[in-house]
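Please look over the sequence and the model before reading on.

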Amino acid sequence: MAATATTPAASISPWSDSDIGAVGFAGSASVNPNGSITVSGSGADIWNQTDAFNFESQSFVGNGSIIAQVTAQTNVSSWAKSGVMVRETNDADSRYVLLALTPSNGVTLQARTATHVTPTISIQTPAKTGVWLELVRTGNSFSGYVSTDGATWKLVGSVAIPMVNNVRAGLAVTAHNNSTICKATFSNIAIAPAGTEASSWSAGAAGPMARWESESFSCNGLLYVFGGYTDRSLD
């Protein structure tokens, strides 16, 4: 049974819109009066070693789920894709999991399991406009579900991909045709991340004196570093 997301996307914040990869036309996203979001994306595909699409996303930390209903999609290619995605970074060759509706090929669950490789996972199931899509993350396991009513869910498939704790989750649209734009409208959007933001690392100033045999260890999510000797003389 699919998890239940509880946080609706009523406005564009905290979402951010980005074109990923080499797109033919700039993409965009806008909020409609009824709270749905329309995403416009060009791009050759979300596939191969690098992707080209538009991504309306927000920070997603730890376990959780993203749900959206695809209520409209322009048919610019039989393999145009509009769906929900969890992506490690906004780099064109990033690891990702995508559950997307296509105009002629139903819903596809696909994933890039390592950076800069062609996806090796693609699972298809029949579906049409109006389908509900959900991706659920539990550790490094990602499961995709579809529903015709938002209440009864069917598992499409599950994949295992090692990803960092802090990722991006959102709405992905590619035209599968870099000479045009595909528009898709997503309703009933909900994201329910369960984690907390990880610490941000930064480089500090070098120590005033050189050390050797310094030690470090981690405990309860903290890193402890201890200085060593100033030289190799122990007299």
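## Basis of the report

This is a predicted model, in which local features need pLDDT of at least 70 and side-chain atom pairs count only at pLDDT 80 or more, while totals for chains, interfaces and linings use all residues. Residues are numbered from 1 along each chain as its sequence is written, and side-chain values use heavy atoms, with hydrogens and water left out.

## The chain as a whole

The chain has 16 strands and 0 helices; both are DSSP runs numbered from the N terminus, where a helix (H or I) needs at least four residues and a strand (E) at least two. Of its 235 residues, 43% count as buried, a word that here stands for under 20% relative accessible area, with exposed meaning over 50% and partly exposed lying in between (1.4 Å probe, protein chains only).

Contact means heavy atoms within 4.5 Å. Among the contacts in the chain with a separation of 6 or more, 65% are between residues 24 or more positions apart.

## The nonpolar cores

In soluble globular proteins, nonpolar side chains tend to be buried together. A nonpolar core is taken here as a set of buried Ala, Val, Leu, Ile, Met, Phe, Trp, Tyr and Cys residues joined through side-chain atoms within 4.5 Å. The largest such core has 36 residues, of which Val-97, Leu-171 and Phe-186 touch the most other members. Strand E14 (residues 182–193) gives the largest share of this core, 5 residues. A second, separate core has 9 residues, including Ile-46, Tyr-96, Leu-98 and Ala-172.

Leaving out residues up to four places away in sequence, Leu-171 touches, among others, Trp-15, Ile-37, Val-39, Phe-55, Val-84, Phe-186 and Ile-189. Val-70, in strand E5 (residues 64–73), counts as buried because its relative accessibility is 0%. With residues up to four places away again not counted, Val-70 touches Leu-101, Val-131, Leu-133, Thr-185 and Phe-186, among others. The C-alpha atoms of Val-70 and Thr-185 are 6.0 Å apart in space, although 115 residues separate the two in sequence.

## The largest pocket

Grid points are joined across faces, edges and corners, and a volume is the space filled by probe spheres set on the points.

The largest pocket has a volume of about 170 Å³. Its lining consists of 13 residues, of which Pro-126, Val-131, Val-146, Ser-147 and Thr-148 lie nearest the centre of the pocket. The lining divides into 4 nonpolar, 6 polar and 3 charged residues.

Arg-112 is found in strand E8 (residues 107–112) and is buried, because its relative accessible area is 0%. A polar contact is a pair of N or O atoms within 3.5 Å; within protein, one must be able to donate a hydrogen and the other to accept it, and residues adjacent in sequence count only if both atoms are side-chain atoms. The side chain of Arg-112 reaches the backbone oxygen of Asn-48 at 2.7 Å.

Asn-48 lies in the loop between strand E3 (37–41) and strand E4 (53–61), and with a relative accessible area of 44% it is partly exposed. The phi angle of Asn-48 is near 55°, a positive value in a residue other than glycine. Phi of His-116 is near 60°, again positive in a residue other than glycine; His-116 is placed in the loop between E8 and strand E9 (121–125) and is partly exposed at 39% relative accessibility.

## Ser-57 and Arg-168

Ser-57, in strand E4, is buried, with a relative accessible area of 0%. Apart from its neighbours within four places in sequence, Ser-57 is in contact with Pro-14, Trp-15, Ser-16, Arg-168, Ala-169 and Gly-170.

Arg-168 belongs to strand E13 (residues 166–174), and a polar contact of 3.0 Å joins its side chain to that of Ser-16. Arg-168 and Phe-60 lie 108 residues apart in sequence, yet their C-alpha atoms are 5.3 Å apart in space.

Key
On a 1 Å grid over the protein atoms alone, a cavity is a set of points where a 1.4 Å probe fits but cannot get out, and a pocket is an open set with protein on both sides within 12 Å along at least five of seven lines; lining residues have an atom within 4 Å of a point. Ala, Val, Leu, Ile, Met, Phe, Trp, Tyr, Cys and Pro count as nonpolar, Asp, Glu, Lys and Arg as charged, and the others, Gly among them, as polar.
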